[in-house]
Number of protein chains: 2
Amino acid sequence: MGTSLKPTHTRSPALPPLPDPQHVDCRGVASVLARVGDKWSVFVIMMLGDGPKRFNELKRMINGISQRMLTLTLRGLERDGLVTRTIFPTIPPRVDYELTDLGRGLQQPVKALGQWAADHLQQIEAARTRFDTRNSA
Amino acid sequence: MGTSLKPTHTRSPALPPLPDPQHVDCRGVASVLARVGDKWSVFVIMMLGDGPKRFNELKRMINGISQRMLTLTLRGLERDGLVTRTIFPTIPPRVDYELTDLGRGLQQPVKALGQWAADHLQQIEAARTRFDTRNSA
DNA sequence: CCGTATCCCCATAGATACTG
DNA sequence: CAGTATCTATGGGGATACGG
């Protein structure tokens, strides 16, 4: 947004326009990035890429996630409108989670990032080893 | 939506090949995503987009970051080979941080993600409000 | 089967003070 | 100017047990 050019408080000569984390846009964007950086969210989003899944189905697919964390992660994604939660009042109960259009949209940039990460993992790990070696010596 | 018309859940008795977070690739990718999800890393990477910056220059640009956090963030980025640290043994001392080629490469997918976040922030915030309203009632 | 509730640990962020 | 050192506190995340 090109927010109006209000000459703020005339405090400092010129405030940086974009990089202020307190700025609304930055904070909003950061909150989305935080979700991506979330330990489990990305995995869940990827799992749901090929159709709806049930709770325990997801739990089994994502090896290592606790029931609690899966619930919290799904709630967070649901809250952000990225997945839908559908309850089938059967016995035993059944709940399906499915990506929304918004969630599917997020998949692309996330995949791009994941692709980049996979492509450069070698370089990064090499850099880490080098750094650790230099520093531990 | 267009997901293939899977007749059933074809419950595979075997283990899923890709989505195991314990798998090396997944963990590696996750570690990169974690860095992106880091509260400050993305800001720093963006700040360095237009040339090298000094420590306090960055600190001033990123409103709200503490000295400690900036140091830790920069160390992490340096460790991953995303930024370089150049010391000028002058008085007073001067240290320049600059994006490496690797770091510049990471900028693109990150920008794409940031762009998506900015584009859909309205939708997400609306979803959050709706969810919170429904749930608090 | 699908969650919520509780307890506990420790990793991390912030504030502050000090050094090269 | 550019850090390091130290302390504290907040909360993320795992394990477990119980409820609908």
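Colleague: What makes the pair between the side chain of A:Arg75 and a phosphate oxygen of DNA strand C a polar contact?

Modeller: This is a predicted model. An N or O atom in the side chain of A:Arg75 is 3.4 Å from a phosphate oxygen of DNA strand C. The cut-off is a pair of N or O atoms within 3.5 Å, so the pair counts. A:Asn56 also reaches a phosphate oxygen of DNA strand C, with a polar side-chain atom at 3.0 Å.

Colleague: Which elements give two or more residues to the surface near DNA strand C?

Modeller: They are helix 3, helix 4 and strand 3 of chain A, plus helix 4 (67-79) of chain B. Helix 4 of chain A gives the most, with four residues.

Colleague: How do you know that the span of helix 4 of chain A agrees with its number of residues?

Modeller: Helix 4 of chain A has 13 residues, 67-79. At 1.5 Å a residue they should span 18 Å. The end C-alpha atoms are 18 Å apart, so the two agree.

Colleague: Why do you say that the buried residues of helix 4 of chain A line one face?

Modeller: Seen down the helix axis, they fall within an arc of 160 degrees, so they line one face. The buried residues are A:Leu70, A:Thr73, A:Leu74, A:Gly76 and A:Leu77. The face turned away from that buried side carries A:Gln67 and A:Arg68, both exposed.

Colleague: What do those buried residues pack against?

Modeller: In chain A, their partners include helix 1 (24-37), helix 2 (41-47) and strand 2 (83-88).

Definitions and conventions. Residues numbered from 1 in each chain as written. Chains lettered and ligands numbered in written order. Predicted model: local features only at pLDDT ≥ 70, side-chain atom pairs only at ≥ 80, totals over all residues. Heavy atoms only, no water. Expected span 1.5 Å × (residues − 1). Buried < 20%, exposed > 50% of the residue type's maximum accessible area, 1.4 Å probe, protein only. Arc of directions from axis to C-beta. Contact = heavy atoms within 4.5 Å. Polar contact = N/O pair within 3.5 Å; in protein donor to acceptor, adjacent residues only side chain to side chain.
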